[in-house]
Amino acid sequence: MKNKKQLNQTSFLLLITIVLFFVMYAVGCILFKDQGFARTQNFLNLFISNAGLIVIGIGMTVVMITGGIDISVGSFVAMGCMMLAWMMEKGGVGAVPAVIIVLITGIVFGLVQGFLVAYMDIQPFIVTLAGMFFARGMTAIISKDMISITNETFMAWAKAKIYLPFGGYLNKKGMMIQPYIYPTVIIALVLLVAAFIMLKYTKFGRSIYAVGGSQQSALMLGLNVRKVKLKAYVLDGFLCGVGSVLFCLNTLGGFVEQAKGFEMDAIASSVIGGTLLTGGVGNVVGTLFGVMIKATIEAFITFQGTLSSWWTRITIAALLCFFIVLQSILTMLKKKK
């Protein structure tokens, strides 16, 4: 019965998020019709510019379902980008080894934080706060100056386009423009599908929900709560490494202030997507739509032309408050029943 109630709550929150996204996008298509808002390429750009955030959001969702949180992801993205830039431009390391090193660093980072949270019983906020300061500090240690990436292999990855056979349009010169995506989008969506399958159909996925729902109940079921938490943070660290690479393929450089506030974007996307801050409820599909809502707001501001980019933060803050209040109401109603 409890699982059924959680399923209903998850489905309801997910439905609201999906409906909100499509309503917002439809409004954009109406308001900015003459500027081409409804073009297929504009829709694909929402994914292209946020591929890294989608992957980071997946990891954040997994951790939050266990009842934890990770506020170090933005700083790690900055460190990952700086590591890639320094290794390829200053250290003479090839693109493939550099990417592998960043992925391994992400796993180690997640392993350390997961051990402190799961086995040392330190609050996730405190552990990841330390991780945030450490990663941002290490970014500055590697280099205080901006490093632009000119590595031919990495540049080829960044510029590789996958053209779609539909959704084209004629430009002012009468040329057919075909919409395209980058491999970063494919990677992000493949990881999203993999995470969805893992959470829904595997023993580890069910264990994550069980631990987040009630640690005491999870222990009574014979689950190793500490091991589940550790694995969740290791997975989060790996996804942070992947997200760093995808983010760097967009920016083609590293600098100290990069990805500032990225952790809040990931948390906001997860919460707007229906993930409970208290754990036990969440869905990576909802997180995807949370990211798309943020991207749509940014597109509104870009097409409008005169609004400050800070309106994105203000709108996300309002939506975040709305979903947190909605989650609280649903939780209270569930307790009364």
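Trainee: Where is Ile 69 found?
Mentor: Ile 69 sits in the loop between helix H3 (51-65) and helix H4 (73-89). Keep in mind that this is a predicted model.

Trainee: What is Ile 69 in contact with, leaving aside its neighbours within four places in sequence?
Mentor: Met 60, Val 63, Pro 124, Phe 125, Thr 128, Tyr 233 and Ile 267.

Trainee: And how far is Ile 69 from Ser 308?
Mentor: Their C-alpha atoms are separated by 30 Å. Along the chain, the two are 239 residues apart.

Trainee: Back to H3. Is Ile 65 buried or exposed?
Mentor: Ile 65 lies in helix H3. Its relative accessible area is 0%, so Ile 65 is buried.

Trainee: What is Ile 65 in contact with?
Mentor: Leave aside neighbours within four places in sequence. Ile 65 is then in contact with Leu 199, Ile 208, Tyr 209, Gly 212, Thr 275, Gly 279, Gly 280, Val 281 and Gly 282.

Trainee: How far apart in space are Ile 65 and Ile 301?
Mentor: 32 Å, C-alpha to C-alpha. In sequence, Ile 65 and Ile 301 are 236 residues apart.

Trainee: New topic. What does UniProt list as "transmembrane region"?
Mentor: The entry is unreviewed.

Trainee: What does the chain look like over residues 95-116?
Mentor: The chain there is 100% helix and 0% strand. The end C-alpha atoms of that stretch are 32 Å apart.

Trainee: And over residues 310-333?
Mentor: Again 100% helix and 0% strand. Here the end C-alpha atoms are 35 Å apart.

Trainee: Let's do helix packing. At what angle do the axes of H7 and H11 cross?
Mentor: Helix H7 covers residues 152-159 and helix H11 covers residues 225-251. Their axes cross at roughly 85° and come within 9 Å. H7 and H11 are therefore roughly perpendicular to each other.

Trainee: Which residues make the contact?
Mentor: H7 brings Phe 154, Trp 157 and Ala 158. H11 brings Val 245, Cys 248 and Leu 249. By class, that contact has 6 nonpolar, no polar and no charged residues.

Trainee: What about the largest nonpolar core? Which residues touch the most other members?
Mentor: That core has 91 residues. Phe 37, Ile 54, Ile 58, Leu 84, Phe 154 and Met 292 touch the most other members. Helix H13 (residues 284-304) gives the most to this core, with 12 residues.

Trainee: What is in the second core?
Mentor: The second, separate core has 5 residues, including Leu 276, Val 281, Leu 326 and Leu 330.

Trainee: You named Leu 84. What does Leu 84 touch?
Mentor: Don't count residues up to four places away in sequence. Leu 84 touches Ala 98, Val 99, Val 102, Ile 149, Phe 154, Ser 244, Val 245 and Cys 248. Phe 154, Val 245 and Cys 248 also belong to the H7 and H11 contact.

Trainee: Where does Leu 13 lie?
Mentor: In helix H1 (residues 2-31). At 0% relative accessibility, Leu 13 counts as buried. Beyond residues up to four places away in sequence, Leu 13 touches Gly 274, Leu 276, Phe 323, Leu 326, Gln 327 and Leu 330. Leu 276, Leu 326 and Leu 330 are among the members of the second core.

Trainee: How many residues of H12 are buried?
Mentor: 10 of the 11 residues of helix H12 (residues 262-272) are buried, so H12 is largely enclosed by the rest of the structure. The buried ones include Glu 263, Asp 265 and Ser 269.

Trainee: What is Ser 269 in contact with?
Mentor: Leaving aside neighbours within four places in sequence, Leu 53, Gly 286, Thr 287, Gly 290 and Val 291. The relative accessible area of Ser 269 is 1%.

Trainee: What follows H12?
Mentor: Gly 274, with a positive phi near 105°.

Trainee: Which phi does Leu 252 have?
Mentor: A positive one of about 50°, although Leu 252 is not a glycine. Leu 252 lies in the loop between H11 and strand S6 (253-254). With a relative accessible area of 21%, Leu 252 is partly exposed.

Trainee: And Ala 259?
Mentor: Ala 259 is not a glycine, yet its phi is positive, about 60°. Ala 259 is found in the loop between S6 and H12. It is buried, with a relative accessible area of 11%.

Terms used
Residues are numbered from 1 along each chain as its sequence is written. This is a predicted model: local features need pLDDT of at least 70, side-chain atom pairs count only at pLDDT 80 or more; totals for chains, interfaces and linings use all residues. Side-chain values use heavy atoms; hydrogens and water are left out. Axes are lines fitted to C-alpha atoms, for helices over the stretch in contact, and angles run from 0 to 180 degrees between N-to-C directions. Helices (H or I, at least four residues) and strands (E, at least two) are DSSP runs, numbered from the N terminus. Angles under 35 degrees count as roughly parallel, over 145 as roughly antiparallel, 65 to 115 as roughly perpendicular and the rest as oblique. Contact means heavy atoms within 4.5 Å. Ala, Val, Leu, Ile, Met, Phe, Trp, Tyr, Cys and Pro count as nonpolar, Asp, Glu, Lys and Arg as charged, and the others, Gly among them, as polar. UniProt positions are given in the numbering used here, feature names are shortened, and annotations may be inferred rather than shown by experiment. A nonpolar core is a set of buried Ala, Val, Leu, Ile, Met, Phe, Trp, Tyr and Cys residues joined through side-chain atoms within 4.5 Å. Buried means under 20% relative accessible area, exposed over 50%, partly exposed in between (1.4 Å probe, protein chains only).
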